[in-house]
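Please take a moment with the sequence and the model shown below, and keep both at hand while reading.

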Amino acid sequence: MHLRNRGFSNAKILHRKGGNVDSGWMGSPFPHVPVLQTTVLHVLAPRPGETVLDCTLGLGGHSASFLEAIAPSGTLTALDADPVNLNAARERLTPFADRARLLHAHFRDVATLGLGTFDVVFADL
């Protein structure tokens with residue numbers, strides 16, 4: 001797996017008006033608010049048409065942002081070991097269903113899954 005350095009040495013916390021970096025998700029029907037979402041997007045800088053691997057899908061908050069950033073043709077593969085999270089994320093990501101592949105798998109097994117290569121790899125550990 002090849003990883004590009006997209007400026008981690010220049011990373012900084014980005015703040016939205018109101019203080020919470022991810023306050024824009026508060027109106028979402030999904031109760032989870034992704035931590036440092038704006039900063040993650042700034043540092044990893046996904047671009048239209050790229051491929052993203054989200055190793056820790058959770059409820060799909062970061063994945064939704066990645067899918068918006070890589071639109072219209074970029075694809076996302078996401079892993080989660082918890083089937084409840086996977087189902088909730090599948091519902092949240094319904095608008096992106098044609099570009100999102102959600103797998104019931106643990107991130108520790110990523111090297112054995114034969115997923116190929118990705119432009120961006122994310123793990124919220």
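**From a strand pair to the whole chain**

Strand S2 (residues 75-80) and strand S3 (residues 100-104) pair in the parallel sense over five bridges, where helices (H or I, at least four residues) and strands (E, at least two) are DSSP runs numbered from the N terminus, and two strands pair if DSSP finds at least two bridges between them. Within this pairing, Leu76 has Ala100 of S3 as its bridge partner. Between S2 and S3 the chain passes through helix H3 (residues 83-92), and this β-α-β crossover is right-handed, a term used if, with the strands pointing away from the viewer, the path from the first strand over the helix to the second runs clockwise.

This is a predicted model, in which local features need pLDDT of at least 70 and side-chain atom pairs count only at pLDDT 80 or more, while totals for chains, interfaces and linings use all residues. Residues are numbered from 1 along each chain as its sequence is written, and side-chain values use heavy atoms, with hydrogens and water left out.

On to the neighbouring strand. S1 and S2 run parallel and are joined by four bridges, with Val52 standing opposite Leu76 in S2. S1, H2 and S2 together form a right-handed β-α-β unit. In the loop between helix H2 (61-69) and S2 lies Pro72, which is joined to Ala71 by a cis peptide bond with an omega of about 5°.

S1 also pairs with S4 in the parallel sense, over three bridges, and here Leu53 stands opposite Val121 in S4. In general, strands of a sheet pair through backbone hydrogen bonds, either parallel or antiparallel.

Taken together, the four strands make an open sheet with the order S3-S2-S1-S4 and parallel pairing. Its edge strands are S3 and strand S4 (120-122), each of which pairs on one side only. Neighbouring strands of this sheet are turned by 15° against each other on average, direction ignored, with axes taken as lines fitted to C-alpha atoms, for helices over the stretch in contact, and angles running from 0 to 180 degrees between N-to-C directions. H3 packs on this sheet and touches S2 and S3, its direction making about 165° with that of S3; contact here means heavy atoms within 4.5 Å.

What is the phi of Ala45, which is not a glycine? Its phi is positive, at about 45°, and its place is in the loop between helix H1 (37-44) and strand S1 (51-54). Ala45 is partly exposed, with a relative accessible area of 25%; buried means under 20% relative accessible area, exposed over 50%, and partly exposed in between (1.4 Å probe, protein chains only).

For the chain as a whole, the secondary structure comes to three helices and four strands, which follow the pattern α-β-α-β-α-β-β along the sequence. Of its 125 residues, 40% count as buried. Among contacts between residues at least 6 apart in sequence, 66% join residues at least 24 apart. The chain exposes about 6900 Å², of which carbon and sulfur atoms supply 57%, the accessible areas coming from the Shrake-Rupley method with a 1.4 Å probe, where for residues only the protein chains shown count as cover.
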